[in-house]
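Here is a short briefing for a reader new to this chain. Look over the sequence and the model, then read on by topic.

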Amino acid sequence: MKKQLRYAFLVVGLGMVLAAPQLAAQSLKGMSLNGATGLMSIPSGRIGWEHSADLGFDLGYHAIFDDGDTAHIPKASISLFKLGEISIAYDTNRSSDDNVMIIGGKIGLPTGRTSVAIGGNVQLIETVAKDYNNQQVYLAATYPGSFFGMPAETTVVVGKTFGDFGSGTGDEDIDFGMGFDLQLFPDVFQGYVHWINDFANFSYSSYPVGANAGDRGVFNTGIRIDIAANPALSRYKFVIDAMLTDALDENRAFALGLAFGAPIF
């Protein structure tokens with residue numbers, strides 16, 4: 001864990017070196033662990049390029065370090081006509097025999113200042129013992145505000161997971177998650193540093209690493225550095241993540257990630 005924390009300080013330090021006093025803040029739309037635009041376990045009500053491009057793409061990668069095991073999660077998404085997005089993530093999980101492919105999508109609704117999206121995903125779970133298929137549908141809402149004078153966005157998600165395998169999920173369970181993205185001390189960090197948190201009774205997939213919702217739910221927290229807060233890079237996305245997954249339970253893990261995106265037209 002000490003080695004992993006050193007990695008986190010290096011990542012945060014990289015973001016701070018790139019900061020400059022003249023930079024301006026902007027809305028941040030990072031990728032969740034399963035590839036959808038969102039926080040960590042939960043998607044947000046936002047579309048990846050909902051205001052700035054009719055066609056845009058995002059590429060991302062997260063690594064989860066859990067008791068000597070490392071899960072690699074490459075991902076990609078494409079946003080269409082400022083209305084919807086399609087995403088895909090591939091979770092190598094604990095071994096070459098345990099893999100999860102997550103194919104997701106969501107459509108934004110014309111709701112004004114509050115961003116609302118209807119979405120879902122299909123999880124193709126391949127394990128040593130058996131193969132499974134799960135599906136999730138959800139409604140996500142994200143609305144802006146402030147917290148002690150700092151810009152913040154709050155996200156609420158309600159949904160349902162169907163299928164034949166779940167990480168502590170029962171047939172009668174209703175999916176619920178809530179989280180926030182707080183821009184930390186914008187006068188000091190100039191829009192670069194965000195504190196992100198989410199809590200949910202579901203994980204980023206039904207077969208997660210280091211983010212097992214179980215009976216207690218999963219709480220994730222971390223720092224998200226927005227390199228594209230630099231006006232010279234504002235046309236693009238460049239996000240670096242350093243986070244703890246399932247931070248309140250014994251099986252907590254550490255994750256590092258990054259995402260890059262660009263408009264096509």
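The side chain of Asn220 reaches the backbone nitrogen of Asp246 at 3.0 Å. This is a polar contact (a pair of N or O atoms within 3.5 Å; within protein, one must be able to donate a hydrogen and the other to accept it, and residues adjacent in sequence count only if both atoms are side-chain atoms). The model is predicted: local features need pLDDT of at least 70, side-chain atom pairs count only at pLDDT 80 or more, and totals for chains, interfaces and linings use all residues. Residues are numbered from 1 along each chain as its sequence is written, and side-chain values use heavy atoms, with hydrogens and water left out.

**Confidence**

- The chain has a mean pLDDT of 85, and 86% of its residues reach 70 or more. pLDDT is the predictor's confidence in each residue, from 0 to 100.
- Among the elements of the chain, E9 has the highest mean pLDDT (96), and helix H1 (residues 2–17) has the lowest (41). Helices (H or I, at least four residues) and strands (E, at least two) are DSSP runs, numbered from the N terminus.
- Over residues 1–26, pLDDT stays under 50. For this stretch the model has 39 contacts beyond four places in sequence. Contact means heavy atoms within 4.5 Å.
- Where pLDDT is low, the predicted coordinates should not be read in detail.

- Asn220 lies in strand E10 (residues 218–226). At 0% relative accessibility, Asn220 is buried. Buried means under 20% relative accessible area, exposed over 50%, and partly exposed in between (1.4 Å probe, protein chains only).
- The side chains of Asn220 and Asp198 are joined by a polar contact of 2.8 Å.
- Not counting residues up to four places away in sequence, Asn220 touches several residues, including Met40, Ser41, Ala211 and Leu244.
- Asp181 lies in strand E8 (residues 175–183). Asp181 counts as buried, at 8% relative accessibility.
- A polar contact of 2.7 Å links the side chains of Asp181 and His194.
- Asp181 and Thr155 are 26 residues apart in sequence. In space they are 8.4 Å apart, C-alpha to C-alpha.

**Asn99**

- Asn99 lies in strand E4. It is buried, with a relative accessible area of 8%.
- Leaving out residues up to four places away in sequence, Asn99 touches residues that include Tyr90, Asp91, Leu124 and Glu126.

**Nonpolar cores**

- The largest nonpolar core has 27 residues. Ile42, Ile64, Val157 and Tyr204 have the most contacts inside it. A nonpolar core is a set of buried Ala, Val, Leu, Ile, Met, Phe, Trp, Tyr and Cys residues joined through side-chain atoms within 4.5 Å.
- Strands E2 (69–80), E4 (98–109), E6 (131–147), E9 (193–200) and E12 (253–263) each supply at least two residues of this core. The largest share, three residues, comes from E6.

**Strand pairing**

- E6 and strand E7 (residues 150–163) run antiparallel and are joined by 14 bridges. Two strands pair if DSSP finds at least two bridges between them.
- Leu139 stands opposite Val158 in E7.
- The hairpin of E6 and E7 has two residues between the strands. In this hairpin, Phe148 takes a positive phi near 50 degrees.
- E7 and E8 also run antiparallel, with eight bridges. Gly159 has Asp175 as its bridge partner in E8.

**Aromatic pairs**

- Rings of Phe, Tyr and Trp (its six-membered ring) pair if their centres lie within 6.5 Å; planes under 30 degrees apart count as stacked, over 60 as edge-to-face and the rest as tilted. By this rule there are six aromatic pairs.
- Phe65 and Phe254 are stacked, because their ring centres are 6.3 Å apart and their planes are at 20 degrees. Phe65 lies in strand E1 (residues 55–66) and Phe254 in strand E12, so the pair ties together parts 189 residues apart in sequence. Phe254 is buried, at 3% relative accessible area.
- Phe180 and Trp195 have ring centres 5.6 Å apart and planes at 85 degrees, so this pair is edge-to-face. Phe180 is in strand E8 and Trp195 in strand E9, 15 residues apart.
- Phe180 is partly exposed at 29% relative accessibility, and Trp195 is partly exposed at 34%.
- Ring pairs link Phe57, Tyr236 and Phe260 into a cluster.
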